[in-house]
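Thank you all for making time this morning.

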Amino acid sequence: MPRAVAGVDIGGTKIYGRLVDPEDPLGVVAEARAATPRGGPKIDLALHDLLDRLAPSGGGGFDAIGVGVAGLVDHGGVLRFGPNLPDALDYEAGPGLRDTWGVPVV
């Protein structure tokens, strides 16, 4: 049974996420927002909290997570430069999410 796919945008003022049904990518199942805190570790906590709120209610987690952020992100998912997130240089969103959720993160 397909679970769900989460998409998250980390912006300078807010983190916005959507949960979509893999069978109907245009079918938004849930949405969540959070203020973007300053600094990579605080952003990480806010991002994980937002994903906890988006996780399917029946459990099981996600099939995949997509993360968007303005700036230079290396192939490993590490933010090397972010014009809207100057306090988050070398923030590792991708590796941390892969470790926590055990799914592909792009």
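**Helix, core, salt bridges and pocket**

Let me begin with helix α1, where the buried residues are Gly40, Ile43, Ala46, Leu47, His48, Leu50, Leu51 and Leu54. Please keep in mind throughout that this is a predicted model, and that every value I quote is computed from it.

How does the span of helix α1 compare with what its 15 residues should give? The helix covers residues 40–54, and at 1.5 Å a residue it should span 21 Å; because its end C-alpha atoms are 21 Å apart, the model agrees with that expectation. The C-alpha atom of aspartate 49 lies 8.9 Å from that of alanine 34, and the two residues are 15 apart in sequence.

In soluble globular proteins, nonpolar side chains tend to be buried together. Here the largest nonpolar core has 24 residues, and the ones that touch the most other members are Ile10, Ile15, Leu47, Leu51, Ile65 and Tyr91. At least two residues of this core come from each of β1 (5–10), β2, β3, α1 and α2, and the largest share, six residues, is supplied by α1. You will recall that Leu47 and Leu51 were among the buried residues of α1, and both now return among the core members with the most contacts.

Next, the charged pairs. How many salt bridges does the structure hold? There are five, and I will go through some of them.

Arginine 18 and glutamate 31 meet through their side chains in a salt bridge, at 2.9 Å from N to O. This pair links distant parts of the chain, with arginine 18 in strand β2 (residues 14–21) and glutamate 31 in strand β3 (residues 24–35), 13 residues apart.

Another salt bridge joins the side chains of aspartate 87 and arginine 38, with 2.5 Å between N and O. Aspartate 87 sits in the loop between β6 (78–81) and β7 (91–92), while arginine 38 sits in the loop between β3 and α1, so this pair ties together parts that are 49 residues apart in sequence. Aspartate 87 is partly exposed, with a relative accessible area of 37%, whereas arginine 38, with 61%, is exposed.

A further salt bridge is formed by aspartate 74 and arginine 80, whose closest N and O atoms are 2.8 Å apart. Aspartate 74 counts as partly exposed at 27% relative accessibility, and arginine 80 is partly exposed as well, with a relative accessible area of 41%. These two belong to a network of salt bridges that links Asp74, Arg80 and Asp90.

Most residues other than glycine have a negative phi. Aspartate 90 is not a glycine, and yet its phi is positive, at about 65°. Aspartate 90 lies in the loop between β6 and β7, and at 45% relative accessibility it counts as partly exposed.

Finally, the largest pocket, which holds about 200 Å³ of space. Its lining has 15 residues, and those closest to the centre are Val67, Val73, Gly77, Gly94 and Val106. Which elements each supply at least two residues of that lining? They are β4 (64–69) and α2 (93–101).

Two valines complete the tour. Valine 69, placed in strand β4, counts as partly exposed at 25% relative accessibility, and its C-alpha atom is 8.3 Å from that of leucine 79, ten residues away in sequence. Valine 103 is found in the segment after α2 and is buried, with a relative accessible area of 6%; its C-alpha atom and that of valine 78, 25 residues apart along the chain, are separated by 17 Å.

How values were computed:
Residues are numbered from 1 along each chain as its sequence is written. This is a predicted model: local features need pLDDT of at least 70, side-chain atom pairs count only at pLDDT 80 or more; totals for chains, interfaces and linings use all residues. Side-chain values use heavy atoms; hydrogens and water are left out. On a 1 Å grid over the protein atoms alone, a cavity is a set of points where a 1.4 Å probe fits but cannot get out, and a pocket is an open set with protein on both sides within 12 Å along at least five of seven lines; lining residues have an atom within 4 Å of a point. Grid points are joined across faces, edges and corners, and a volume is the space filled by probe spheres set on the points. Helices (H or I, at least four residues) and strands (E, at least two) are DSSP runs, numbered from the N terminus. The expected span of a helix is 1.5 Å times one less than its number of residues. Buried means under 20% relative accessible area, exposed over 50%, partly exposed in between (1.4 Å probe, protein chains only). A salt bridge is a side-chain nitrogen of Lys or Arg within 4 Å of a carboxyl oxygen of Asp or Glu. A nonpolar core is a set of buried Ala, Val, Leu, Ile, Met, Phe, Trp, Tyr and Cys residues joined through side-chain atoms within 4.5 Å.
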